[in-house]
Amino acid sequence: MQNKYLYFLRLALFVSDCIALNLAFFTASNIADIQRANSFNDWKYSYFVIILIWVMTSTVFKLYQLNPINNFKGVVWATVQSTLMQIFIFLAYANFVGTEHIWYFLLIFITVLFSAFIVSRYLFMITEPFVNKFFGPKKTISLFELYSSNRQLAPYLNSYAMHHQFEAVTIDGHKDWENENEASAYRHFFKESAEKGLSEVYVSLPTVNAEITAQLQKEADRYGIRLKLIYNYNRFIQSPFLTNIGNIPVLSLRKEPLEDINNIVVKRLFDIVFSLLVIVLILSWLFPIIALLIICESKGDVFFKQMRNGLNGKQFQCYKFRSMRINSFGDILQARENDSRITTIGKFLRKTSIDELPQFWNVLIGNMSIVGPRPHMLKHTEEYRALINNYMVRHYLKPGITGWAQVNGFRGETQTLDLMEQRVEHDIWYIENWSTKLDVQIIYKTCFNIFKGESKAY
């Protein structure tokens with residue numbers, strides 16, 4: 001459903017962003033030059049770096065690949081992500097080359113850039129409907145829906161006709177041809193479409209059928225009508241997703257955003273930056289205090305190290321601050337409420353989730369992610385994979401310090417099989433619906449729950 005109008009909108013968005021970048025840069029550099037009585041030549045390399053970084057970040061977050069009409073919120077979010085990532089990378093560059101007055105320059109640059117983006121997005125939002133009304137191309141189509149279970153496209157096109165540039169004309173597949181055979185019904189349908197001056201037809205089918213497809217193509221060609229087929233995969237696949245390997249179309253049984261290399265890079269960069277900040281700004285001074293308290297109360301190591309199942313079921317060593325006395329049940333028995341093995345300092349560490357902080361080292365070295373399905377004991381993986389059919393799907397991603405299941409009440413001890421099944425359902429939902437925005441929301445909810453207190457944090 002791509003068209004020239006959508007291409008024009010994306011191009012207009014790109015041009016307006018280029019103008020905003022240039023405006024922000026030259027404003028900031030000129031003011032900074034006044035402060036130090038220098039010329040633009042000192043900033044010229046920074047200019048090219050900023051443009052290069054913007055091209056990279058906007059590509060990573062697919063800013064100019066999104067549909068700015070029916071996914072305007074996505075465009076806004078991608079703009080924020082691209083800008084924040086650009087600021088971070090440019091700061092690293094500026095510190096590396098030792099650019100003077102960088103903080104003063106950056107403050108002005110960010111202020112002007114965000115202001116320009118806000119203005120351009122607002123103008124786009126209020127002017128696009130008027131531009132669409134007068135210049136947006138309209139394509140009238142006919143929709144041939146043979147099966148009631150398939151009748152989903154017509155209401156969608158009617159609801160979002162302006163967004164998709166379509167005016168849907170629905171012709172019921174059973175209304176006029178109940179007593180005719182299929183070939184005659186198809187001929188009647190395409191003839192009626194041609195008489196209405198329609199050039200494009202969408203036909204919904206329950207499954208792929210070579211014979212029916214050939215008949216439809218034959219009748220469409222007879223009247224010079226473009227034929228588009230819609231197959232109702234949802235009848236037997238919960239969340240189908242079509243991809244390509246070379247020129248070969250492949251139907252995946254579930255959508256996994258983190259199969260995309262761009263998303264993998266974004267998530268990994270986020271993990272590295274976030275874990276480094278926690279290690280440098282928090283663990284660097286908190287670790288000696290926690291270590292001293294643990295050693296003073298009970299004998300044993302500061303860290304509790306345990307093998308867990310990670311990405312693709314592979315085993316890795318997971319780190320935690322030790323919160324229990326040394327015992328022989330650590331690898332087979334979950335912590336329970338009022339567990340006698342837990343030390344006094346351990347209760348505090350577990351209640352505040354401070355015991356999980358060493359796992360940021362696991363994140364930094366690549367065994368874990370900030371957000372993802374929680375890693376389970378090896379014993380529990382073996383037990384539950386035999387009891388829950390889709391249990392191993394949760395290992396499609398790296399395990400996380402926190403996750404979608406945990407912020408929705410499924411953390412800690414799982415006393416019944418039903419609780420574990422619901423946890424797995426939440427983990428799979430996260431795998432199929434991942435986004436950077438979702439990760440940020442989960443981190444926020446995790447921090448909120450820590451300060452609020454959780455009943456299962458024991």
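**Salt bridges and their surroundings**

Reply: Let's start with D260, which has a relative accessible area of 24% and so counts as partly exposed. Keep in mind that this is a predicted model. The partner of D260 is K62: the two form a salt bridge, and their closest N and O atoms are 2.9 Å apart. K62 sits in the loop between α2 and α3, while D260 sits in the loop between β6 and α9, so the pair ties together parts that are 198 residues apart in sequence. K62 is partly exposed too, because its relative accessibility is 24%. If you wonder what brings such partners together, side chains of opposite charge can pair when their charged atoms come close. Altogether, the structure holds 10 salt bridges.

Now for another of them. The side chains of K320 and D355 make a salt bridge, with 3.4 Å from N to O. This pair links distant parts of the chain, with K320 in strand β8 and D355 in the loop between α10 and α11, 35 residues apart. Are these two buried or exposed? K320 has a relative accessible area of 10%, so it is buried. D355 comes out at 2%, so D355 counts as buried as well. The cut-off behind both calls is that buried means under 20% relative accessible area.

While we're at K320, have a look at its strand. β8 (residues 315–321) pairs with β7 (residues 303–309) in the antiparallel sense, over seven bridges. Across the pairing, K320 stands opposite F304, and F321 in β8 stands opposite F303. The two strands form a hairpin with five residues between them, and N312 in that turn has a positive phi of about 60 degrees.

L277 lies in α9, and so does I282, with the helix covering residues 261–297. Both belong to a nonpolar surface patch of about 750 Å², whose members are L276, L277, V280, L281, I282, W285, I289 and L293. L277 counts as partly exposed because its relative accessibility is 47%; for I282 the value is 34%, so I282 is partly exposed as well. One more thing about L277: in sequence, L277 and F360 are 83 residues apart, yet their C-alpha atoms are 9.7 Å apart in space.

Methods:
Residues are numbered from 1 along each chain as its sequence is written. This is a predicted model: local features need pLDDT of at least 70, side-chain atom pairs count only at pLDDT 80 or more; totals for chains, interfaces and linings use all residues. Side-chain values use heavy atoms; hydrogens and water are left out. Patches are made of residues with over 30% relative accessible area and no salt bridge: like charges are joined within 9 Å, nonpolar side chains (Val, Leu, Ile, Met, Phe, Trp, Tyr) within 5 Å. Accessible areas come from the Shrake-Rupley method with a 1.4 Å probe; for residues, only the protein chains shown count as cover. A salt bridge is a side-chain nitrogen of Lys or Arg within 4 Å of a carboxyl oxygen of Asp or Glu. Helices (H or I, at least four residues) and strands (E, at least two) are DSSP runs, numbered from the N terminus. Buried means under 20% relative accessible area, exposed over 50%, partly exposed in between (1.4 Å probe, protein chains only). Two strands pair if DSSP finds at least two bridges between them.
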